[in-house]
Amino acid sequence: MSPSTPAAWWRSAVVYQVYPRSFADGNGDGIGDIAGLRARLPYLAALGVDALWINPWYPSPMKDAGYDVADYRDIEPLFGTLAEAEALLGEAHALGLKLLLDIVPNHCSDQHPWFQQALPAAPGSVERARFIFRPGLGADGSRPPNDWQSVFGGPAWTRTRNADGQPGDWYLHLFAPEQPDLNWDNPEVAADFERTLRFWFDRGVDGFRIDVAHGLVKLPGLPDIGQRTVSEDLDENHPYWDVPGVHAIYRQWRTLADSYTPPRVFVAEAWINPAERLVRYVRPDELHTSFNFDFLVAPWQAPVLRAAIDNTLAAHASVGAPPTWVLGNHDIPRPVSRYARPQAGLTARWLDDLLPHPADFAVGLRRARAAALLTLALPGSCYIYQGEELGLAEVEDLPDAVLQDPMFEQTGRQSRGRDGCRVPLPWSGTQAPFGFSPDSVPPWLPQPAAWGQQTAEAQATQADSTLALYRAALQLRRTEPGMGDGGLQWLPAPADVLLFTRGNGLACMVNLGAAAQPLPAGAQLLLASGALAAGLLAPDTAAWLRLL
Ligand code: NOJ
Ligand code: CA
């Protein structure tokens with residue numbers, strides 16, 4: 001890159017995740033849609049983010065909230081039309097916002113025409129070769145082809161019936177039975193996804209988040225998983241996560257993205273440990289960025305967070321890619337609720353991990369606000385999941401009858417699933433639906449009554465609100481040279497304090513200890529996540545400082 005070339009936008013972007021079902025409802029059916037999102041674009045521009053990532057908005061039977069795609073090149077009627085999507089894209093661009101979509105290449109919906117053609121087709125047919133069909137084990141084929149389990153619970157295989165009504169082959173679904181895995185060894189599958197990428201790139205879409213990016217290729221022979229865990233923890237010979245052949249797919253995708261002007265970009269959703277394996281996805285000829293889930297799941301403890309930051313930075317530096325930082329998304333309990341729990345040894349991947357532990361939500365909110373300043377100060381790009389800027393907590397007490405996440409039923413109602421972070425946003429007013437839908441329309445998941453105090457409208461005029469904090473931080477991030485892409489330098493600090501500089505005299509200090517801490521000598525306060533008392537940074541508080 002010559003000195004005059006502007007740095008690529010994605011190396012330092014702040015991306016706001018829009019979960020379209022729960023963002024804003026324009027037509028009054030209780031479900032968020034494109035019309036609602038278009039009406040709220042000025043809010044997002046004023047917030048100060050650079051780009052939006054929209055979760056799947058394609059036609060879908062919604063067995064997994066749109067991650068079961070029936071047609072990759074159209075819009076789900078619940079959300080609107082292709083014309084509305086194109087209008088949204090134009091309006092977002094006019095406001096200076098880039099737009100990323102979500103591509104789901106590991107599996108499609110069982111209602112996708114391909115799977116509908118595969119079911120009645122014969123074993124060994126062209127139609128079945130787009131999926132992973134296998135005969136069962138045992139004399140009558142009544143046992144699944146191997147021991148793989150679905151991420152959502154239960155076996156990863158479902159048996160089909162032949163045209164004559166007799167039990168037939170089984171098909172693989174790493175997620176719900178309604179999400180058959182595609183066969184990426186079949187060139188027809190790759191060709192169709194390239195068509196989909198072009199379809200949206202040709203319309204001006206700036207890039208894609210890639211769902212389950214590490215799952216597309218399975219080990220030949222589909223060997224048993226054995227004693228390995230069903231979760232995404234990895235080892236070298238995992239039969240379906242991070243199988244090396246997956247990288248060839250992304251080299252192809254990168255070539256395609258680079259053929260556009262301006263080049264289009266990708267962010268991988270890949271739950272991979274260790275970081276050295278994760279960053280293989282962001283080598284110079286592969287994807288641009290990848291979510292960094294190590295940092296997300298780290299408890300609120302200075303040494304753990306510092307190690308996660310150092311690890312991430314070192315691994316990404318080894319391939320020249322910028323890291324990303326993310327505190328939550330539509331699959332993870334919200335940060336306020338994670339940080340509200342005692343942190344020592346806490347794994348907080350699912351709501352079920354949190355429920356046994358006592359919660360102090362005031363502490364959780366304080367920490368989430370501090371974490372926001374921490375992440376926005378770290379080198380690279382950042383993701384904000386809708387509602388984080390309002391300080392929303394997970395809704396932990398949704399009644400069984402309203403739960404929609406397939407995890408709930410697939411685990412025999414053992415896991416409460418991910419609905420608690422998907423509750424529709426509170427925009428205004430004092431009663432549900434809080435401006436999400438027109439008055440008195442019940443939203444698709446019920447909102448807590450207490451959200452009346454946390455609406456965007458209420459927070460817009462409160463100087464110390466979480467919304468005000470995000471707006472101020474995002475504005476400073478834009479104007480301060482040295483924020484975004486680059487490196488960091490740790491400065492001496494007590495063991496439970498994180499203190500680092502980004503150059504240009506800008507520093508971030510986070511107090512994770514129990515005692516208030518003095519700011520570094522001569523530091524000028526730019527922004528803090530909580531009030532300072534007698535010049536001291538309180539516990540669970542972060543500050544951005546100018547060091548003189
Ligand atoms: C990851 C997505 O974020 C999640 O919501 C979905 O259930 C799975 N992938 C399967 O597509
Ligand atoms: Ca709607």
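**Close-up views of a predicted model**

**View 1. A buried cysteine, Cys508.** With a relative accessibility of 1%, Cys508 counts as buried (under 20% relative accessible area, with a 1.4 Å probe and protein chains only). Cys108 is likewise buried, at a relative accessible area of 0%. The structure holds 0 disulfides (pairs of cysteine sulfur atoms within 2.5 Å). Cys508 is in no disulfide, and the nearest cysteine sulfur, which belongs to Cys382, is 11 Å away.

This is a predicted model, in which local features need pLDDT of at least 70 and side-chain atom pairs count only at pLDDT 80 or more, while totals for chains, interfaces and linings use all residues. Residues are numbered from 1 along each chain as its sequence is written, chains are lettered from A and ligands numbered from 1 in the order in which they are written, and side-chain values use heavy atoms, with hydrogens and water left out.

**View 2. Polar side-chain atoms at ligand 1.** An oxygen atom of ligand 1 lies 2.6 Å from a polar side-chain atom of Asp64, and an oxygen atom of the ligand is 2.7 Å from a side-chain N or O atom of His330. For Arg209, the distance from a side-chain N or O atom to an oxygen atom of ligand 1 is 2.9 Å. The protein covers 98% of the 300 Å² of accessible area that ligand 1 has on its own (Shrake-Rupley method, 1.4 Å probe).

**View 3. The shell around ligand 1.** Of the 13 residues around ligand 1, those that come nearest are Asp64, Arg209, Asp211, His330 and Asp331 (a residue is near if one of its heavy atoms lies within 4 Å). By class, this shell has 7 charged, 4 nonpolar and 2 polar residues.

Key
Polar contact = N/O pair within 3.5 Å; in protein donor to acceptor, adjacent residues only side chain to side chain. Nonpolar A, V, L, I, M, F, W, Y, C, P; charged D, E, K, R; others polar. Buried < 20%, exposed > 50% of the residue type's maximum accessible area, 1.4 Å probe, protein only.
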